[in-house]
Amino acid sequence: MSMNLMYTPLETIFDATMEREGRNITAYTSGNEFRAFMRRNDDGNNYEDRITLYYYTNAPVVQGSLISYGNKVYILVNRETEENHCYYKSSALACNGMITLNNREVIGIPCYASAMKDGLAESNNMLSLINGTMEFITESNSLSRQIKIDDTFNEFGRTYKVNNIYYKDGILHIITEVTTNEKPIEYLKIVIDGLSKDTYMTGDTVQLSATLYINNVITNGTITWESTDTSVAVIDGTGKAIFLSDGSVSFKAYWVEKDISETSTIVIAGNPDVSYTYKIIGKPELICGMRRKYTLKITDNAGNEADNVAFTWNVLADFEVEQIINGSQITLCVDDEKMDGNTFVLQVIVDSSVMEEMEILVRGEL
């Protein structure tokens, strides 16, 4: 009689170890996370940082993959243990460089520079680079495969020229030689945002911002702002601009580290001709002894409500009318029932001119 085991000892031990020691690891290129536990190699005083990584077979990495853990990026230089369906084991080597081509077509690929015997001299734990060939290894992916023979990049204080490239087991191998020092090409650009229209009114404020690009990649930097005519508009260090008077003005963003500037589109700061429409909202009847509220609505010739127009309420009456004013609202009341059938006029006054009025009938009862 045969028996089928419901579990395997290997899986049980591996799961228990993962639960106890597992850490979150990130596949560098895809950003996908997976669990793994590690054993650090006993590498003595070697300048290489190696770890051994154990992870489930469904983890989103293969031999040659770049992974992120802590503050470092590692490359998986192998993948072992094909004899079980539970886990894989890989040796991971900490990256010690970054490849950014001097033509900026490829930017920021973590790598490990190896075969240093001809290029490094070791003395008192210090490494000094001299002329010689270097081999750089990194993950073989769509970005790294854009690197071509004769491309150059700067790293470790020198310029390297690509002499040969080959791909093996998921790893890109780049064979280089030291060449004449080069300064990387930088295509710089400043984009100013915040000016949503061409014309602004005196007293308006806008918040400008500047986005900085190096070879079409957003970067950080120090920006200072300047107004070309401070009598028309001023701007502070944060990019906040205030329009003071009629006229034309431009705003200049200056990138301090790169010594370049960009000037905004010229804007006109002024007060275009604006007309207003005034309307008293309320019922033109008032019951004796009862208070009634009236509201003034002001709109400009663009159809926008205006709440910054100065005006005064005025009541024309031959009898006493109680008035309570609260900004754009006025509350009226007539207590004398003898005024039944009489009328009075509610007016809106702007600069001594009557802009709107309403005749109100007084009634003795409902």
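Reply: Two strands pair if DSSP finds at least two bridges between them. The model here is a predicted one.

Me: How many bridges join β24 to β25?
Reply: Strand β24 covers residues 251-255, and β24 and β25 run antiparallel. Pairing needs at least two bridges. The number that joins β24 to β25 is four.

Me: Which residue in β25 is the bridge partner of Lys 252?
Reply: β24 spans residues 251-255 and is joined to β25 by bridges. In β25, the partner of Lys 252 is Thr 263.

Me: Which are the edge strands of the open sheet of three strands?
Reply: The order in this sheet is β20-β24-β25, with antiparallel pairing. An edge strand here pairs on one side only. From one strand to the next, the twist averages 20 degrees. The edge strands are β20 (223-227) and β25 (260-263).

Me: In the hairpin of β12 and β13, which residue takes a positive phi?
Reply: Strands β12 (residues 152-155) and β13 (residues 158-168) run antiparallel and are joined by four bridges. Within this pair, Phe 153 stands opposite Tyr 160 in β13. Two residues lie between the strands of the hairpin. The one with a positive phi, near 55 degrees, is Phe 156.

Me: How many charged residues are in the lining of the second largest pocket?
Reply: This pocket holds about 240 Å³ of space. Its lining includes Met 201, Tyr 276, Asn 304 and Asp 307. By class, the lining has four nonpolar and three polar residues, and the number of charged ones is four.

Me: Is Cys 111 buried or exposed?
Reply: Buried means under 20% relative accessible area. The relative accessibility of Cys 111 is 0%, so Cys 111 counts as buried.

Me: Which cysteine has the closest sulfur to that of Cys 333?
Reply: Cys 333 has a relative accessible area of 4%, so Cys 333 is buried. The structure holds zero disulfides. The closest cysteine sulfur is 8.3 Å from that of Cys 333, which is too far for a bond, and it belongs to Cys 288.

Note on methods:
Residues numbered from 1 in each chain as written. Predicted model: local features only at pLDDT ≥ 70, side-chain atom pairs only at ≥ 80, totals over all residues. Heavy atoms only, no water. Axes fitted to C-alpha atoms, helices over the stretch in contact; angles between N-to-C directions. 1 Å grid on protein atoms, 1.4 Å probe; cavity = no way out; pocket = protein on both sides within 12 Å on 5 of 7 lines; lining within 4 Å. Points joined across faces, edges and corners; volume = space filled by probe spheres on them. Nonpolar A, V, L, I, M, F, W, Y, C, P; charged D, E, K, R; others polar. Disulfide = S-S within 2.5 Å. Buried < 20%, exposed > 50% of the residue type's maximum accessible area, 1.4 Å probe, protein only.
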